[in-house]
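Here is a short report on one protein chain. Keep the sequence and the 3D view side by side as you read.

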Amino acid sequence: MSDLIERGVPEGYKVEVFDGRVIMTPQSPEQDWTVSDVKDAVKAAGIVRERVFGDVLITFPGENDAAPDLTIVGFDAERRKNSYSCLDVLAVLEVPSEPEDEKDYVRNVRKYGRFGIDHYLIADPFKKAVTLMSEPQASGYGRVVEIPYGEPVTFTLATGERVEIDTSTFPTRDV
């Protein structure tokens, strides 16, 4: 691990500490393209780039921090050095690196719901669908809808901003 720290993270990899484990995941082209398409949709909704970012540290009090693939924060979000508080987060998008990724489908659902993140989207290139979660609660989310790629995904942020994502260009991966 100290060798990794000295040399730095290899280009194209994302490193996270999750449940006491160091997870190093290569970024796939599908992940990058999907995040880019969602960023374009968020910008088209009139949300300024200062409120939308990817792989930026989000702090969770008393828990492991996270760096979601894409995060949307509120108008008054306060940047703390190079991170934001989970209390400022309105929506998160994750793109799984592997089928049925436990981190995205189980642990993040519980964590993001427990901390009141209004919308959690999983754009899954293996399932070829977006799972849109809302109505956060202590154990996860009260409302879960799966939308096949090709159909639009629409949600409204707590700020009143409505985001519509065209999923017809989302890339897919075979298992």
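Which residue is the bridge partner of Ile72 in S7? The partner is Ala91.

## About the model

This is a predicted model: local features need pLDDT of at least 70, side-chain atom pairs count only at pLDDT 80 or more, and totals for chains, interfaces and linings use all residues. Residues are numbered from 1 along each chain as its sequence is written, and side-chain values use heavy atoms, with hydrogens and water left out.

## The chain as a whole

The chain has 3 helices and 12 strands. Both are DSSP runs numbered from the N terminus: helices are H or I with at least four residues, strands are E with at least two. Of the 175 residues, 46% are buried. Buried means under 20% relative accessible area, exposed means over 50%, and partly exposed is in between (1.4 Å probe, protein chains only).

Take the contacts between residues at least 6 apart in sequence: 50% of them join residues at least 24 apart. A contact means heavy atoms within 4.5 Å.

Strand S7 covers residues 89–94. Because 6 of its 6 residues are buried, S7 is largely enclosed by the rest of the structure.

S7 pairs with strand S5 (residues 70–73) in the antiparallel sense, over 4 bridges. Two strands pair if DSSP finds at least two bridges between them. S7 also runs parallel to strand S8 (residues 119–124), and 4 bridges join them. Here Leu93 stands opposite Leu121 in S8.

Asp88 sits in the loop between strand S6 (83–85) and strand S7. Is Asp88 buried or exposed? Asp88 is buried, with a relative accessible area of 18%.

Which residues does Asp88 contact, leaving aside neighbours within four places in sequence? They are Ile72, Val73, Gly74, Ala77, Glu78 and Arg80. Ile72 is also the residue whose bridge partner in S7 is Ala91.

## Val109 in helix H3

Val109 lies in helix H3 (residues 102–114). Its relative accessibility is 14%, so Val109 counts as buried.

Not counting residues up to four places away in sequence, Val109 touches Asp104, Tyr120, Met133, Gly140 and Tyr141. Val109 and Tyr120 are 11 residues apart in sequence. In space, they are 7.6 Å apart, C-alpha to C-alpha.
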